[in-house]
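Please read the following points beside the sequence and the model. Each point takes up one part of the fold.

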Amino acid sequence: MRFLLSDEQREFARSLDGMLGASGPPAVARAWAAGEYGPGRDLWTRIAEAGVFGLAVSARHGGMGQLPAELAVAFHEVGRHAVPGPLVETVAAAAFLERLGAGAAAGEWLPRIAAGEAMVSLCAGDPYALDADAADAVLVVEGDTVRHTDGHGPLQASLDPARRLFRPVGGTVLARGPAVAAATAHALDLARLTTAAQSLGLGRALLAATVSYVTQRTQFQVPIGSFQAVKHRLADALIGLEFAQPLVHGAALALAAGEPSAGREVAAAKVAAGEAGYAAARTALQLHGALGYTAELDLSLWIRKARPLRDAWGTPADCRRRVLAA
């Protein structure tokens, strides 16, 4: 099995990195957290033009086919730049509708998702829908029933202010039956994979920023990065990320091949990447000292994402149970 990225995948990552970096992610994230969605929607359009959402939609609906490995590459860059919005949820919704084959709903929403014309927030196994006020549609799965909601409650508090949570209410039933459960399982695997990739990218960005900081900040006339305790913290964070990366790539390949073990591999990758990203955030917070606790520091936008991403679409305990269920 090949775990290294191909030349095309690396070029795809480089192009996304350049585009996202030039878009001013901190300003976009702060505007999104304040409920100002204009900059975020502009960035959403550029992400769609890069082909990211088309990677979750079949060719018959205007996409490029369901390509988990390429989605993992894309969401690694999304995590590195702390892009706000229901990106994972929209990709998961596309996977859900593709697998369900929900007739008119699939025909209506999948081409729009591929083109970047629709944000669709999928809510499955969680009482809250991400960015329900900004989404063009919210799909809620409850047991063997999926409904398209038409309203939501008030904004709920979140550790990450750019993760705007709402409790969906009302709606019309789109489908019910065993097919809904099967489609939900498939969507959950893709959501966990892309969230794991996001956590991995987030952790890489946090580690790079912290290494840069400790080489500049001095104590006793020497950089604090020369202290053994600081080196150990950075090394531990790096090892966690390095061990998680092949698990994420391997899970993407297993999911693409439809292997029976894919769900377990995705769950294992989600645990490893989520814990590694969270450990990198704790390291960044501590090594930046008092500066790390300030909301004014742009790095706080990355730090505050780490734990919600670790727990989104399955906590570490949930994912470990999935692995052990085999």
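In which sense, left-handed or right-handed, does helix 7 cross helix 10?

1. The crossing of helix 7 with helix 10 is left-handed, a term used when the near helix is turned anticlockwise from the far one by less than a right angle. This is a predicted model, in which local features need pLDDT of at least 70 and side-chain atom pairs count only at pLDDT 80 or more, while totals for chains, interfaces and linings use all residues. Residues are numbered from 1 along each chain as its sequence is written, and side-chain values use heavy atoms, without hydrogens and water.

2. Helix 7 (residues 178-214) packs against helix 10 (residues 299-311) at about 145°, and their axes lie 10 Å apart. Axes are lines fitted to C-alpha atoms, for helices over the stretch in contact, and angles run from 0 to 180 degrees between N-to-C directions. Helices (H or I, at least four residues) and strands (E, at least two) are DSSP runs, numbered from the N terminus. Contacts (heavy atoms within 4.5 Å) involve residues including L202 and L206 in helix 7 and W302 and I303 in helix 10.

3. The largest nonpolar core has 90 residues, and I47, F75, F96, L122 and V248 have the most contacts inside it. Such a core is a set of buried Ala, Val, Leu, Ile, Met, Phe, Trp, Tyr and Cys residues joined through side-chain atoms within 4.5 Å; buried means under 20% relative accessible area (1.4 Å probe, protein chains only). Helix 7 gives the most to this core, with 12 residues. Leaving aside residues up to four places away in sequence, F75 touches V52, L87, V88, V91, T194, A197 and Q198.

4. Two strands pair if DSSP finds at least two bridges between them. Strand 1 pairs with strand 3 in the parallel sense over five bridges, and C123 has V140 in strand 3 as its bridge partner.

5. Two residues other than glycine have a positive phi: A82, near 50°, and D131, about 55°. A82 is in the loop between helix 4 (68-80) and helix 5 (87-100), and A82 counts as buried because its relative accessibility is 3%. D131 lies in the loop between strand 2 (129-130) and strand 3 (137-142); D131 is also buried, with a relative accessible area of 0%.

Notes: Buried means under 20% relative accessible area, exposed over 50%, partly exposed in between (1.4 Å probe, protein chains only).
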